[in-house]
Amino acid sequence: MAKKQVRELLTRWALSTDTNRREIARAVLRSAESVNVAQSEICEANDAQLEIALLEFIHKPLLGEKTGEFLLGLAPGFENAGGELREKLKREMTLQAINHPACCLDKWKKIAEPSVLLREVIRDAEAYFERLRAVADSAAVAFSFPGFKEAAEKEREEFLAEVDRGAREKSIFARLAKNVQIIYGSKWAVMMQGKLGAPTGFHELSREMEFPRLEVIDAEGMVIRRIEARNRVRELTGGGE
Amino acid sequence: MAASNLNQFLTEYIESLLERTTVEKGILKTGFDWVIYQLGVGKNWKPFRLPFFRQPSAGVPDTKRGEAEFGEDISFGSESGKEYWIFVLKDERLIYGNWTSHKFDSDLRRAAAPRLSQEGLEKVESVRIILAYNKDEDQGGIESYDRLIGSLPTSIGDGVKLSFERWNLTRIVEEIEAHVLTPDLLPQHLSGQFRYICSQFEDFGFGTREWENQLVPNWRDFLELALKEPVNGRKLRVIPVCLMILNHYRKDRAGSYPGWIDLIEWAMLALWSAHQRLPRAGSKNAKEIIRGVWLGLYIGELERYFVEVEGTLTTQHGFSVGRQGLGVGVDAVNHAYRAYWHLGRLGILSRAPQDFESPGNPEYEGFIEEVITRSAGWLVRCLRANPAALRPLVDLNHIELFLTWVILWQTGKQKDIYEWLCELESRLLVRRVHKELSVPFIEANSRLDLVAEYAATGDRPYDYANSSSYLLLMLLELCFSLCESERDELVERYMRRVVKAIGEDGQSLVKKEIDLQSWVPPEDWWDRILKGPVLDGIAVTTNNFDQVTEKAKPLCERIRDSVEEVREKHPWKMRGRDVPLAAYILACIKHRSPLPPEFWRGIIFGEPGERSRPDGG
């Protein structure tokens with residue numbers, strides 16, 4: 001199947017009232033390098049389909065840059081629909097611009113000739129950050145609870161340990177190859193059968209990921225949002241998952 | 001702190017001092033002379049003659065008695081030896097009637113003839129006689145002074161210049177503000193300890209372990225020493241002066257402002273505790289001093305603070321700005337901690353002026369209305385903008401929730417109360433049921449360290465407790481301030497979803513119910529809370545109002561019956577207003593002590609035995 005046809009199929013399934021199809025579409029989108037929905041399908045979708053796609057996204061969000069890509073992909077359909085539906089997408093996009101400032105807001109700001117909707121979203125999100133910058137030096141946020149520093153350090157250690165554990169489990173090198181913990185030195189040389197090899201530097205492998213801000217600022221609110229979206233999807237599709 | 005407030009408290013302190021430092025029955029009474037001595041040292045003058053012996057150790061300075069002083073109370077020389085200042089001190093008003101009876105005239109004449117042949121005064125070229133009095137004056141007194149000075153010579157002996165100055169209370173305060181706003185201003189037995197506190201205040205950040213474990217205990221010990229029996233006006237007035245000096249030591253660090261307020265609060269509790277110890281008769285002046293510090297310094301400062309931080313309260317996610325940790329669970333706990341710190345103080349700011357209402361005074365009533373309306377405006381915007389304000393962390397946060405409710409109730413914001421309680425219910429449910437959330441459910445023993453540990457590691461600490469709740473029962477009772485239909489709906493929701501964690505399908509979402517508990521404080525709660533936590537009394541377990549009989553009463557009726565039963569069997573009265581209610585509420589916050597349920601039951605359920613509901617306004 002040509003890429004275009006696959007894309008169109010995935011997009012149709014992402015807009016589907018059938019739960020299983022939406023699940024499959026989401027799983028594929030999650031594992032893909034990037035999200036690229038078919039505009040032809042988006043523009044032909046009706047209001048209910050668009051709303052379900054948006055609610056499904058809220059219920060089970062994508063991560064990082066895919067968030068911005070998916071919402072941008074949906075936008076033309078919502079702009080054509082107008083009215084309340086457009087406002088729903090605008091609210092969601094603004095929320096995600098605040099939630100993922102690097103993956104969403106910064107990327108959207110670089111788009112040449114943004115749509116009216118996108119311009120409004122960028123304007124609202126930037127106003128939010130501007131207001132926050134204005135209070136960043138306030139006395140009201142200049143203190144923490146006793147023991148906060150120590151707890152934050154502990155959290156950091158736990159998180160790094162978990163990342164390390166996860167990386168080792170997923171890495172073939174870590175699992176199959178011999179691992180030697182280097183104690184001293186900024187380069188390493190291997191002694192093999194009496195011969196010492198030339199020293200080489202270490203290579204760092206890293207991956208950056210933006211952590212969604214609102215999962216910290218309003219974790220409870222984000223859970224409630226997901227539950228409400230799930231319930232609304234059930235209402236619109238007339239059934240359970 | 002506004003300059004006018006600083007001036008007022010310092011002025012009152014200086015005015016309260018007697019002329020001489022004395023020791024009576026082993027008790028030190030610091031005098032005005034000590035202040036002038038410190039002023040001279042502050043101006044880099046060399047003390048020449050003092051009315052007391054300085055003690056190197058922090059003891060009581062021994063006073064000199066029976067010596068002929070020739071009008072000179074204290075004198076100083078300059079570094080070069082060419083200038084000589086003689087102070088004639090009076091703790092009397094400079095008025096025509098006192099001019100001779102209190103020896104203004106005779107002491108000035110004597111002082112105007114100093115013996116410059118004394119050792120150490122050989123190089124003097126200029127002598128200044130300063131009449132310093134720490135009271136006010138009238139025109140007759142000033143003219144008496146001017147006439148005398150006009151008649152005295154302008155030189156002594158071989159051309160030594162002689163001049164005169166008059167320092168009234170205002171001038172003395174100005175000089176002190178400019179030169180001696182340091183721990184040295186305090187009586188000698190306090191200044192050493194206070195100096196240490198000032199250096200800790202400079203070094204430690206508010207909210208750090210060092211602040212809590214070192215500075216606060218030292219400050220409280222100091223307050224106890226400063227307010228040792230017998231308490232009098234002078235001792236009481238030293239406290240705001242200490243706070244002003246601490247303010248002087250505040251750095252530009254943003255966190256120093258709430259830190260300073262923290263120290264003011266401990267001082268206020270010490271003052272109100274002293275208030276309780278004052279004898280019934282003859283204490284009117286002392287009580288007024290304490291009241292003046294409470295309103296003029298603490299409440300005034302709280303108001304200034306909230307005007308300054310209004311932006312944070314009302315900006316979306318204002319309390320969550322500035323990620324400090326990794327940015328996950330512990331930060332969320334910190335945001336809520338900050339939010340609840342502010343909710344508590346906003347509640348006190350709103351409550352405090354009402355404790356001194358003057359019935360029938362329309363101007364004051366208008367002022368109170370303005371204060372409450374403004375607080376409510378800030379509060380509503382804060383609740384809408386900051387999810388952290390809807391995240392109580394520990395059971396003791398019931399105090400801040402009560403204050404939130406009271407502000408909304410007093411301004412008739414029934415709709416906002418309903419929406420607030422609804423939102424709170426949803427968020428508490430989510431924390432109860434969704435274990436993956438980084439912020440755990442409310443810790444029953446109010447151990448914030450355990451909340452932080454849970455949030456940091458994701459693992460429930462062994463001694464983390466959340467199976468009982470006084471806070472949740474309070475929320476249920478607050479629902480009784482709503483109209484019947486809203487009350488019934490919310491009470492059912494809280495009970496079914498949060499307390500019992502029963503899902504929409506009737507299945508349990510969490511293994512164990514939360515046990516709702518009430519509390520009857522001991523009868524001497526009012527006498528003890530200002531000094532420390534009060535945790536004894538009677539715990540009342542409610543069995544969650546379950547009834548086994550077939551014809552169970554509606555839940556709301558069961559709750560109301562239980563409240564009445566407890567109030568009837570263990571009556572506990574709200575006290576009269578000698579010490580303001582806001583001070584008691586502050587004491588609960590600072591001492592981490594529960595607020596007695598009568599604080600809200602009295603409003604919602606009326607007097608014991610009444611079956612009334614508030615009209616919401």
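Student: In chain A of this predicted model, what share of the contacts with a separation of 6 or more comes from residues 24 or more positions apart?

Tutor: Happy to start there! Contact here means heavy atoms within 4.5 Å. Among the chain A contacts with a separation of 6 or more, the part that joins residues 24 or more positions apart is 67%.

Student: How many of the residues of chain A count as buried, as a percentage?

Tutor: The cut-off for buried is under 20% relative accessible area. Chain A, with its twelve helices and four strands, exposes about 14,700 Å², and carbon and sulfur atoms supply 53% of that area. Of its 241 residues, the buried share is 39%.

Student: How far apart are the mean positions of the positive and negative charges of chain A?

Tutor: Good one to check. Chain A carries 38 positive and 39 negative charges. Their mean positions are separated by 5 Å.

Student: On to the rings: what kind of aromatic pair do Tyr454(B) and Tyr464(B) form?

Tutor: This is one of 43 aromatic pairs over all chains. The ring centres of Tyr454(B) and Tyr464(B) are 5.0 Å apart, with 90° between the planes. Planes over 60 degrees apart fall in one class, so the Tyr454(B)–Tyr464(B) pair is edge-to-face.

Student: Which parts of chain B does that pair tie together?

Tutor: Tyr464(B) sits in a loop that runs from H15 to strand E11 (468-469), ten residues from its partner in sequence.

Student: Why does the pair of Tyr470(B) and Trp519(B) count as edge-to-face?

Tutor: The centres of these two rings are 6.4 Å apart. The class follows from the angle, because planes over 60 degrees apart count as edge-to-face. For Tyr470(B) and Trp519(B), that angle is 80°.

Student: And where in chain B does Trp519(B) lie?

Tutor: Its partner Tyr470(B) is in the loop between E11 and helix H16 (471-478), 49 residues away, so the pair links distant parts of the chain. Tyr470(B) is buried at 9% relative accessibility, and Trp519(B) is buried at 8%. Trp519(B) itself lies in residues 515-520, strand E12.

Methods: Residues numbered from 1 in each chain as written. Chains lettered and ligands numbered in written order. Predicted model: local features only at pLDDT ≥ 70, side-chain atom pairs only at ≥ 80, totals over all residues. Heavy atoms only, no water. Helix = DSSP H or I, 4+ residues; strand = E, 2+ residues; numbered from the N terminus. Buried < 20%, exposed > 50% of the residue type's maximum accessible area, 1.4 Å probe, protein only. Areas by Shrake-Rupley, 256 points an atom, 1.4 Å probe, with all protein chains shown as cover. Lys, Arg positive; Asp, Glu negative; His and termini not counted. Charge placed at Lys NZ, Arg CZ, Asp CG, Glu CD. Phe/Tyr/Trp six-rings, centres within 6.5 Å; stacked < 30°, edge-to-face > 60°.
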